[in-house]
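I wanted to go through this structure with the contact between the chains in mind, and to write down each thing as I looked it up. The entries follow in that order.

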2 protein chains.
Amino acid sequence: MSRSDTFAESKNKYARYLAKNGLRSTAQRDLIINEFFKSEGHVTAEELHLKLRGKNSSIGLATVYRTLKTLESAGLAHERQFNDGFMRYEFCAPGYRHHDHIVCLECGLVEEFENNEIENLQIKVANKHNFTITDHRLELYGVCERCKSKTA
Amino acid sequence: MSRSDTFAESKNKYARYLAKNGLRSTAQRDLIINEFFKSEGHVTAEELHLKLRGKNSSIGLATVYRTLKTLESAGLAHERQFNDGFMRYEFCAPGYRHHDHIVCLECGLVEEFENNEIENLQIKVANKHNFTITDHRLELYGVCERCKSKTA
DNA sequence: TTCGGTGCAAACTTTTTGCAGAGTA
DNA sequence: TACTCTGCAAAAAGTTTGCACCGAA
(Lines give C-alpha, C1' and ligand atoms only; values in the text may rest on other atoms or scores of the structure.)
Protein backbone atom coordinates (compact mmCIF):
# COMPACT_ATOMS: atom_id res chain seq x y z
CA MET A 1 0.00 0.00 0.00
CA SER A 2 1.51 3.30 -1.03
CA ARG A 3 1.55 6.34 1.18
CA SER A 4 -0.80 8.27 -1.09
CA ASP A 5 -3.35 5.43 -1.20
CA THR A 6 -3.39 5.59 2.53
CA PHE A 7 -3.92 9.33 2.52
CA ALA A 8 -6.88 8.98 0.23
CA GLU A 9 -8.34 6.23 2.32
CA SER A 10 -7.89 8.25 5.47
CA LYS A 11 -9.44 11.34 4.06
CA ASN A 12 -12.45 9.28 3.12
CA LYS A 13 -12.55 7.81 6.56
CA TYR A 14 -12.27 11.30 8.00
CA ALA A 15 -15.10 12.58 5.87
CA ARG A 16 -17.24 9.63 6.89
CA TYR A 17 -16.41 10.27 10.52
CA LEU A 18 -17.40 13.91 10.25
CA ALA A 19 -20.68 13.05 8.61
CA LYS A 20 -21.56 10.37 11.10
CA ASN A 21 -20.88 12.58 14.10
CA GLY A 22 -22.52 15.77 12.91
CA LEU A 23 -19.16 17.52 12.70
CA ARG A 24 -18.53 20.14 10.07
CA SER A 25 -15.88 20.36 7.44
CA THR A 26 -14.23 23.76 7.62
CA ALA A 27 -11.40 25.52 5.83
CA GLN A 28 -9.15 25.31 8.89
CA ARG A 29 -9.78 21.65 9.54
CA ASP A 30 -9.09 20.73 5.97
CA LEU A 31 -5.80 22.62 5.97
CA ILE A 32 -4.68 21.12 9.26
CA ILE A 33 -5.61 17.61 8.19
CA ASN A 34 -3.87 18.02 4.87
CA GLU A 35 -0.70 19.22 6.52
CA PHE A 36 -0.88 16.49 9.13
CA PHE A 37 -1.34 13.74 6.57
CA LYS A 38 1.62 15.09 4.63
CA SER A 39 3.99 15.20 7.58
CA GLU A 40 6.27 12.29 8.16
CA GLY A 41 6.75 10.96 11.60
CA HIS A 42 5.67 12.45 14.85
CA VAL A 43 4.47 16.04 14.95
CA THR A 44 3.65 18.31 17.85
CA ALA A 45 0.75 20.73 17.70
CA GLU A 46 3.21 23.59 17.74
CA GLU A 47 5.17 22.23 14.77
CA LEU A 48 2.02 21.77 12.76
CA HIS A 49 0.89 25.26 13.71
CA LEU A 50 4.20 26.71 12.53
CA LYS A 51 4.03 24.91 9.21
CA LEU A 52 0.54 26.30 8.66
CA ARG A 53 1.61 29.78 9.68
CA GLY A 54 4.39 29.52 7.11
CA LYS A 55 1.73 29.19 4.42
CA ASN A 56 0.25 32.45 5.68
CA SER A 57 -2.94 30.98 6.93
CA SER A 58 -3.91 32.37 10.31
CA ILE A 59 -5.02 29.26 12.11
CA GLY A 60 -4.99 29.45 15.89
CA LEU A 61 -2.92 27.08 17.97
CA ALA A 62 -6.00 26.09 19.93
CA THR A 63 -7.68 24.97 16.75
CA VAL A 64 -4.72 22.78 15.90
CA TYR A 65 -4.93 21.17 19.32
CA ARG A 66 -8.65 20.66 18.97
CA THR A 67 -8.35 19.16 15.51
CA LEU A 68 -5.65 16.74 16.56
CA LYS A 69 -7.82 15.55 19.43
CA THR A 70 -10.63 15.08 16.96
CA LEU A 71 -8.40 13.02 14.67
CA GLU A 72 -7.36 10.93 17.62
CA SER A 73 -10.97 10.17 18.46
CA ALA A 74 -11.55 9.31 14.84
CA GLY A 75 -8.76 6.76 15.04
CA LEU A 76 -6.68 8.57 12.45
CA ALA A 77 -3.97 9.81 14.78
CA HIS A 78 -2.12 8.25 17.64
CA GLU A 79 -0.86 10.20 20.64
CA ARG A 80 2.72 9.55 21.65
CA GLN A 81 5.06 11.02 24.19
CA PHE A 82 8.80 10.57 23.90
CA ASN A 83 10.24 12.02 27.06
CA ASP A 84 10.60 15.59 25.87
CA GLY A 85 7.48 17.13 27.34
CA PHE A 86 5.51 17.36 24.12
CA MET A 87 2.54 15.39 23.00
CA ARG A 88 3.24 14.14 19.52
CA TYR A 89 0.72 12.95 16.97
CA GLU A 90 1.39 10.25 14.50
CA PHE A 91 -0.49 9.46 11.36
CA CYS A 92 -2.41 6.27 11.92
CA ALA A 93 -4.41 5.34 8.90
CA PRO A 94 -6.51 2.22 8.60
CA GLY A 95 -4.27 -0.42 7.11
CA TYR A 96 -1.13 1.15 8.50
CA ARG A 97 0.76 -1.43 10.47
CA HIS A 98 1.57 -1.04 14.10
CA HIS A 99 5.19 -0.22 14.75
CA ASP A 100 7.49 0.87 17.53
CA HIS A 101 10.22 3.47 17.75
CA ILE A 102 13.94 3.72 18.21
CA VAL A 103 15.04 7.19 19.24
CA CYS A 104 18.48 8.81 19.08
CA LEU A 105 19.09 10.79 22.26
CA GLU A 106 21.72 12.99 20.61
CA CYS A 107 20.12 14.18 17.39
CA GLY A 108 16.47 13.26 17.95
CA LEU A 109 16.25 10.92 14.96
CA VAL A 110 13.29 8.56 15.26
CA GLU A 111 13.20 5.34 13.26
CA GLU A 112 10.34 2.90 13.17
CA PHE A 113 10.42 -0.83 13.43
CA GLU A 114 8.12 -3.80 13.58
CA ASN A 115 8.88 -7.02 15.37
CA ASN A 116 6.31 -9.76 15.63
CA GLU A 117 8.36 -11.88 17.97
CA ILE A 118 8.34 -9.07 20.53
CA GLU A 119 4.62 -8.54 20.07
CA ASN A 120 3.95 -12.22 20.68
CA LEU A 121 6.07 -12.24 23.80
CA GLN A 122 4.13 -9.24 25.08
CA ILE A 123 0.90 -11.15 24.73
CA LYS A 124 2.42 -14.04 26.66
CA VAL A 125 3.47 -11.68 29.45
CA ALA A 126 0.00 -10.15 29.57
CA ASN A 127 -1.58 -13.58 29.83
CA LYS A 128 0.69 -14.49 32.69
CA HIS A 129 -0.54 -11.38 34.54
CA ASN A 130 -4.16 -11.97 33.52
CA PHE A 131 -4.31 -8.69 31.66
CA THR A 132 -6.07 -8.08 28.39
CA ILE A 133 -3.84 -5.78 26.40
CA THR A 134 -5.39 -3.02 24.35
CA ASP A 135 -2.28 -1.04 23.58
CA HIS A 136 1.40 -0.90 24.24
CA ARG A 137 4.38 1.31 23.96
CA LEU A 138 7.90 0.29 23.20
CA GLU A 139 10.68 2.76 22.67
CA LEU A 140 14.38 2.09 22.44
CA TYR A 141 16.64 5.00 23.32
CA GLY A 142 20.25 5.24 22.33
CA VAL A 143 22.72 6.69 19.89
CA CYS A 144 22.36 6.39 16.13
CA GLU A 145 25.14 5.47 13.72
CA ARG A 146 25.86 9.05 12.59
CA CYS A 147 26.12 10.38 16.15
CA LYS A 148 28.35 7.50 17.16
CA SER A 149 30.83 8.26 14.39
CA LYS A 150 30.68 11.96 15.18
CA THR A 151 31.76 11.30 18.77
CA ALA A 152 34.41 8.71 17.88
CA MET B 1 18.71 -9.44 47.74
CA SER B 2 16.08 -8.18 50.16
CA ARG B 3 14.45 -4.82 49.86
CA SER B 4 16.07 -3.53 53.04
CA ASP B 5 19.56 -4.58 51.92
CA THR B 6 18.95 -2.54 48.86
CA PHE B 7 17.87 0.47 50.89
CA ALA B 8 20.98 0.31 52.96
CA GLU B 9 23.16 -0.01 49.92
CA SER B 10 21.42 2.91 48.27
CA LYS B 11 21.70 5.16 51.25
CA ASN B 12 25.40 4.47 51.31
CA LYS B 13 25.65 5.19 47.66
CA TYR B 14 23.70 8.39 48.20
CA ALA B 15 25.98 9.48 51.02
CA ARG B 16 29.03 8.75 48.91
CA TYR B 17 27.52 10.72 46.06
CA LEU B 18 26.86 13.71 48.29
CA ALA B 19 30.40 13.67 49.62
CA LYS B 20 31.97 13.34 46.21
CA ASN B 21 29.97 16.22 44.74
CA GLY B 22 30.26 18.67 47.61
CA LEU B 23 26.54 18.41 48.35
CA ARG B 24 25.23 18.70 51.86
CA SER B 25 23.13 16.36 53.88
CA THR B 26 20.17 18.21 55.32
CA ALA B 27 17.15 17.37 57.43
CA GLN B 28 14.78 17.82 54.46
CA ARG B 29 16.81 15.73 52.07
CA ASP B 30 17.11 12.91 54.53
CA LEU B 31 13.35 12.89 55.13
CA ILE B 32 12.53 12.98 51.45
CA ILE B 33 14.99 10.24 50.62
CA ASN B 34 13.73 8.09 53.45
CA GLU B 35 10.17 8.45 52.31
CA PHE B 36 11.12 7.87 48.70
CA PHE B 37 13.06 4.72 49.48
CA LYS B 38 10.10 3.42 51.48
CA SER B 39 7.53 3.98 48.77
CA GLU B 40 6.64 1.16 46.48
CA GLY B 41 6.27 1.75 42.81
CA HIS B 42 6.17 4.99 40.97
CA VAL B 43 5.71 8.20 42.90
CA THR B 44 5.08 11.72 41.74
CA ALA B 45 6.65 14.70 43.46
CA GLU B 46 3.22 15.75 44.62
CA GLU B 47 2.48 12.37 46.20
CA LEU B 48 5.75 12.35 48.04
CA HIS B 49 5.15 15.91 49.17
CA LEU B 50 1.74 14.93 50.54
CA LYS B 51 3.12 11.97 52.45
CA LEU B 52 5.73 14.23 54.04
CA ARG B 53 3.15 16.88 54.87
CA GLY B 54 1.14 14.15 56.60
CA LYS B 55 4.05 13.67 58.98
CA ASN B 56 3.82 17.38 59.81
CA SER B 57 7.11 18.30 58.34
CA SER B 58 6.91 21.49 56.33
CA ILE B 59 8.97 20.61 53.32
CA GLY B 60 8.31 22.68 50.23
CA LEU B 61 7.17 21.10 46.99
CA ALA B 62 10.07 22.73 45.16
CA THR B 63 12.51 20.98 47.48
CA VAL B 64 10.92 17.64 46.71
CA TYR B 65 11.30 18.31 43.00
CA ARG B 66 14.90 19.37 43.47
CA THR B 67 15.75 16.35 45.57
CA LEU B 68 14.22 13.93 43.09
CA LYS B 69 16.29 15.47 40.32
CA THR B 70 19.34 15.06 42.50
CA LEU B 71 18.52 11.40 43.09
CA GLU B 72 18.10 10.92 39.39
CA SER B 73 21.54 12.35 38.72
CA ALA B 74 22.90 10.11 41.41
CA GLY B 75 21.47 7.12 39.57
CA LEU B 76 19.18 6.20 42.45
CA ALA B 77 15.92 7.17 40.80
CA HIS B 78 14.54 6.69 37.35
CA GLU B 79 12.17 9.13 35.69
CA ARG B 80 9.12 7.61 34.06
CA GLN B 81 6.06 9.00 32.38
CA PHE B 82 2.96 6.90 31.93
CA ASN B 83 0.62 8.98 29.82
CA ASP B 84 -1.08 10.83 32.67
CA GLY B 85 0.84 14.09 32.64
CA PHE B 86 2.94 13.43 35.71
CA MET B 87 6.60 12.71 35.98
CA ARG B 88 7.00 9.69 38.19
CA TYR B 89 10.10 8.60 40.02
CA GLU B 90 10.99 5.03 40.62
CA PHE B 91 13.45 3.65 43.08
CA CYS B 92 16.42 2.42 41.16
CA ALA B 93 19.03 1.03 43.48
CA PRO B 94 22.24 -0.58 42.34
CA GLY B 95 21.54 -4.28 42.05
CA TYR B 96 17.88 -3.76 41.35
CA ARG B 97 16.97 -5.52 38.17
CA HIS B 98 15.57 -3.73 35.21
CA HIS B 99 11.89 -4.33 34.66
CA ASP B 100 9.00 -3.11 32.56
CA HIS B 101 5.43 -2.23 33.36
CA ILE B 102 1.95 -3.45 32.64
CA VAL B 103 -0.68 -0.83 33.39
CA CYS B 104 -4.44 -1.19 33.92
CA LEU B 105 -6.24 1.62 32.15
CA GLU B 106 -9.31 1.29 34.35
CA CYS B 107 -7.98 1.25 37.90
CA GLY B 108 -4.41 2.43 37.39
CA LEU B 109 -2.82 -0.73 38.78
CA VAL B 110 0.81 -1.05 37.69
CA GLU B 111 2.53 -4.41 37.77
CA GLU B 112 6.15 -5.04 36.96
CA PHE B 113 7.65 -7.73 34.83
CA GLU B 114 10.97 -8.85 33.49
CA ASN B 115 11.46 -10.68 30.23
CA ASN B 116 14.90 -11.47 28.95
CA GLU B 117 13.69 -12.77 25.62
CA ILE B 118 12.17 -9.39 24.87
CA GLU B 119 15.33 -7.60 25.99
CA ASN B 120 17.43 -9.75 23.69
CA LEU B 121 15.16 -9.09 20.75
CA GLN B 122 15.42 -5.37 21.44
CA ILE B 123 19.18 -5.57 21.18
CA LYS B 124 18.84 -7.40 17.88
CA VAL B 125 16.54 -4.70 16.56
CA ALA B 126 18.94 -1.98 17.66
CA ASN B 127 21.82 -3.71 15.92
CA LYS B 128 19.85 -3.93 12.73
CA HIS B 129 19.37 -0.15 12.89
CA ASN B 130 22.98 0.47 13.92
CA PHE B 131 21.91 2.02 17.19
CA THR B 132 23.62 1.58 20.52
CA ILE B 133 20.88 1.33 23.10
CA THR B 134 21.31 3.03 26.42
CA ASP B 135 17.76 2.76 27.70
CA HIS B 136 14.35 1.58 26.72
CA ARG B 137 10.78 1.78 27.71
CA LEU B 138 8.16 -0.87 27.39
CA GLU B 139 4.68 -0.49 28.74
CA LEU B 140 1.70 -2.70 28.15
CA TYR B 141 -1.68 -1.08 28.59
CA GLY B 142 -4.88 -2.98 29.12
CA VAL B 143 -7.40 -4.20 31.64
CA CYS B 144 -6.48 -6.18 34.73
CA GLU B 145 -8.21 -9.28 35.99
CA ARG B 146 -10.26 -7.50 38.67
CA CYS B 147 -11.54 -4.83 36.31
CA LYS B 148 -12.43 -7.43 33.70
CA SER B 149 -14.60 -9.33 36.14
CA LYS B 150 -16.17 -6.11 37.38
CA THR B 151 -17.33 -5.25 33.88
CA ALA B 152 -18.45 -8.77 33.01
C1' DT C 1 32.33 32.33 57.95
C1' DT C 2 31.25 30.40 53.67
C1' DC C 3 28.33 28.74 50.43
C1' DG C 4 24.88 25.45 49.31
C1' DG C 5 19.86 24.39 50.64
C1' DT C 6 15.14 25.82 51.57
C1' DG C 7 10.57 27.98 51.33
C1' DC C 8 7.79 30.90 49.14
C1' DA C 9 5.93 33.06 45.34
C1' DA C 10 6.36 34.16 40.79
C1' DA C 11 7.57 32.54 36.27
C1' DC C 12 7.38 29.18 32.67
C1' DT C 13 5.62 25.64 29.48
C1' DT C 14 2.36 22.97 27.32
C1' DT C 15 -2.42 22.22 26.79
C1' DT C 16 -7.34 23.37 27.66
C1' DT C 17 -11.31 26.35 28.09
C1' DG C 18 -14.66 30.42 27.96
C1' DC C 19 -16.58 33.56 25.15
C1' DA C 20 -18.05 36.47 21.44
C1' DG C 21 -18.17 36.56 16.73
C1' DA C 22 -17.84 34.00 12.12
C1' DG C 23 -19.15 30.30 9.11
C1' DT C 24 -21.47 25.89 7.71
C1' DA C 25 -25.41 23.17 6.46
C1' DT D 1 -31.81 29.96 11.22
C1' DA D 2 -29.54 26.86 14.31
C1' DC D 3 -25.67 25.43 16.01
C1' DT D 4 -20.76 24.26 15.47
C1' DC D 5 -16.10 26.14 14.81
C1' DT D 6 -12.58 29.59 15.42
C1' DG D 7 -9.38 32.97 17.44
C1' DC D 8 -8.00 35.16 21.19
C1' DA D 9 -6.84 35.56 25.73
C1' DA D 10 -7.16 33.73 30.10
C1' DA D 11 -6.93 29.66 32.89
C1' DA D 12 -5.06 25.18 34.17
C1' DA D 13 -1.64 22.06 35.67
C1' DG D 14 2.95 20.47 36.40
C1' DT D 15 7.51 21.98 37.01
C1' DT D 16 11.31 25.32 37.49
C1' DT D 17 13.51 29.48 39.12
C1' DG D 18 14.75 33.91 41.72
C1' DC D 19 15.60 35.58 45.95
C1' DA D 20 16.27 36.39 50.73
C1' DC D 21 17.07 33.87 54.67
C1' DC D 22 18.74 29.59 57.04
C1' DG D 23 21.92 26.17 58.36
C1' DA D 24 25.67 22.58 57.57
C1' DA D 25 30.58 22.07 57.60
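I began with Arg137(B), which counts as buried at 4% relative accessibility (buried means under 20% relative accessible area, exposed over 50% and partly exposed in between, with a 1.4 Å probe and protein chains only). Its partner within the chain is Glu139(B), the two side chains meeting in a salt bridge at 3.2 Å, N to O, where a salt bridge is a side-chain nitrogen of Lys or Arg within 4 Å of a carboxyl oxygen of Asp or Glu. Glu139(B) also counts as buried, at 1% relative accessibility.

Before going on I noted the ground rules: this is a predicted model, in which local features need pLDDT of at least 70 and side-chain atom pairs count only at pLDDT 80 or more, while totals for chains, interfaces and linings use all residues. Residues are numbered from 1 along each chain as its sequence is written, chains are lettered from A and ligands numbered from 1 in the order in which they are written, and side-chain values use heavy atoms, with hydrogens and water left out.

Next I followed Arg137(B) across to the other chain, where it forms a salt bridge with Glu139(A), the closest N and O atoms being 3.9 Å apart. Glu139(A) lies in strand 6 of chain A and Arg137(B) in strand 6 of chain B, so this pair joins two chains; helices (H or I, at least four residues) and strands (E, at least two) are DSSP runs numbered from the N terminus. Both residues of the pair, Glu139(A) and Arg137(B), are buried. I then found that Arg137(A), Glu139(A), Arg137(B) and Glu139(B) are linked in a network of salt bridges.

For the interface as a whole, I noted that the contact (heavy atoms within 4.5 Å) takes 35 residues from chain B and 35 residues from chain A. The two chains bury about 3,300 Å² between them, 57% of it on carbon and sulfur atoms, buried area being the accessible area (1.4 Å probe) that two parts lose on being put together, summed over both. In chain B, Leu121(B), Phe131(B) and Arg137(B) lose the most area to chain A, together 21% of what that side buries.

I then turned to strand 4 (residues 100-104) of chain A, which is largely enclosed by the rest of the structure, because five of its five residues are buried. Asp100(A), Ile102(A) and Cys104(A) are buried on one side, and His101(A) and Val103(A) on the other.

Strand 4 of chain A pairs with strand 6 of chain A in the parallel sense over four bridges, and Cys104(A) stands opposite Gly142(A) there. Four bridges also join strand 4 to strand 5 (residues 110-113) of chain A, these two running antiparallel, with Glu111(A) as the bridge partner of Ile102(A). Strands 4 and 5 of chain A form a hairpin with five residues between them, and Gly108(A) in the turn has a positive phi of about 85°.

Definitions and conventions
Two strands pair if DSSP finds at least two bridges between them.
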